[in-house]
Amino acid sequence: MKRKMGYVLLFSFILMIAVGCAQKPVSESGTNEPKQSGSVQPPNNSGTQVEPNKEQKQTVEVFFADTQVLELEKREVELEFVDNDEKYKKTFEALQNNGDPELVSLWEKVELLSIQYDENTLTLDVHIPDEAKLGTSGELLALEALTTTMFQFDEVKSLDVLVDGEALDSLMGHSELEHPIQRER
């Protein structure tokens, strides 16, 4: 029994060392610093290619709820952005800002902590204060507004919504939240 426990502890120790060493790649020079070579730019894996430092304009569809929070209505907004990360961030900001008194932004009080696009998945990390939490139908409409708005970009095949960095079972405590949400078409 003691011998088996000793083997388990030894194996665990070796496994922890192996995992720790695998965390940081070592360059040819033997250091943990990434290899730097001139002015090579990393590839843009964001689907739609955007020229660096050149401002783009695009009209996007943003979805808001009616005043009774029963259904969504579409509004078109023109965005100006330099790269795809900024495009996604400004699209979310447009989802938060509604200038029409006949419509309600379901994301207005939600704070965007970070937004990241990687391999066809757009990940949003948000903070939802208590005053931003909605009932069941409001939560479902908020998710529908977000997914319909973000899935208009062809390169976004899935959307993962994290709350304070965690993949929770529910966005606001009422309906199930998939991780990630897959585009249906």
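Student: Where is glutamate 73 found in this predicted model?
Tutor: Look among the strands of the chain, of which there are seven. The model is predicted. In it, glutamate 73 is found in strand S2.

Student: Is glutamate 73 buried, partly exposed or exposed?
Tutor: Its relative accessible area is 28%. Buried means under 20%, and exposed means over 50%. The value 28% falls in between, so glutamate 73 is partly exposed.

Student: How far apart in space are glutamate 73 and alanine 145, C-alpha to C-alpha?
Tutor: In sequence, glutamate 73 and alanine 145 are 72 residues apart. In space, the C-alpha to C-alpha distance between them is 8.9 Å.

Student: How many salt bridges does a search of the whole structure find?
Tutor: The network of Glu73, Arg75 and Asp100 belongs to this topic. Another case is the pair of glutamate 80 and lysine 57. For the whole structure, the search finds seven.

Student: Which strands does the salt bridge between glutamate 80 and lysine 57 tie together?
Tutor: The closest N and O atoms of this pair are 3.7 Å apart. Glutamate 80 and lysine 57 are 23 residues apart in sequence, so the bridge ties together separate parts of the chain. Glutamate 80 lies in strand S2, and lysine 57 lies in strand S1.

Student: Which residue meets lysine 74 in a salt bridge?
Tutor: The N to O distance is 3.4 Å. Lysine 74 lies in strand S2 and its partner in strand S1, so the pair ties together parts 13 residues apart in sequence.

Student: What is the N to O distance in the salt bridge of aspartate 130 and lysine 133?
Tutor: Take the two side chains in turn. Aspartate 130 counts as exposed at 63% relative accessibility. Lysine 133 is partly exposed, at 41%. Their salt bridge has an N to O distance of 3.9 Å.

Student: Which element gives the most residues to the largest nonpolar core?
Tutor: This core has 40 residues, and those with the most contacts inside it are Phe92, Trp107, Leu122, Leu146 and Leu171. Elements that give two or more residues include strand S1 (56-66), strand S2 (72-81) and helix H2 (84-96). Helix H3 (136-150) is also among them. With six residues, the most is given by H3.

Student: What share of the 185 residues in the chain is buried?
Tutor: A residue counts as buried under 20% relative accessible area. Across the chain, the buried share is 34%.

Student: Which loop holds glutamate 119 and asparagine 120?
Tutor: Both have a positive phi, near 50° for glutamate 119 and near 70° for asparagine 120. Glutamate 119 counts as exposed at 64%, while asparagine 120 is partly exposed at 35%. Each is found in the loop between S4 and S5.

Student: Is the peptide bond from histidine 179 to proline 180 cis or trans?
Tutor: Proline 180 sits in the loop between S6 and S7. The omega of the bond is near -10°. The bond is cis.

Student: Which residues form the negative surface patch?
Tutor: Begin with one member, glutamate 176, in the loop between strand S6 (158-163) and strand S7 (181-182). At 70% relative accessibility, glutamate 176 counts as exposed. The patch is formed by Asp169, Glu176, Glu178 and Glu184.

Conventions. Residues are numbered from 1 along each chain as its sequence is written. This is a predicted model: local features need pLDDT of at least 70, side-chain atom pairs count only at pLDDT 80 or more; totals for chains, interfaces and linings use all residues. Side-chain values use heavy atoms; hydrogens and water are left out. Patches are made of residues with over 30% relative accessible area and no salt bridge: like charges are joined within 9 Å, nonpolar side chains (Val, Leu, Ile, Met, Phe, Trp, Tyr) within 5 Å. Accessible areas come from the Shrake-Rupley method with a 1.4 Å probe; for residues, only the protein chains shown count as cover. A salt bridge is a side-chain nitrogen of Lys or Arg within 4 Å of a carboxyl oxygen of Asp or Glu. Lys and Arg count as positive and Asp and Glu as negative; His and the chain ends are not counted. The place of a charge is taken as NZ of Lys, CZ of Arg, CG of Asp or CD of Glu. Helices (H or I, at least four residues) and strands (E, at least two) are DSSP runs, numbered from the N terminus. Buried means under 20% relative accessible area, exposed over 50%, partly exposed in between (1.4 Å probe, protein chains only). A nonpolar core is a set of buried Ala, Val, Leu, Ile, Met, Phe, Trp, Tyr and Cys residues joined through side-chain atoms within 4.5 Å.
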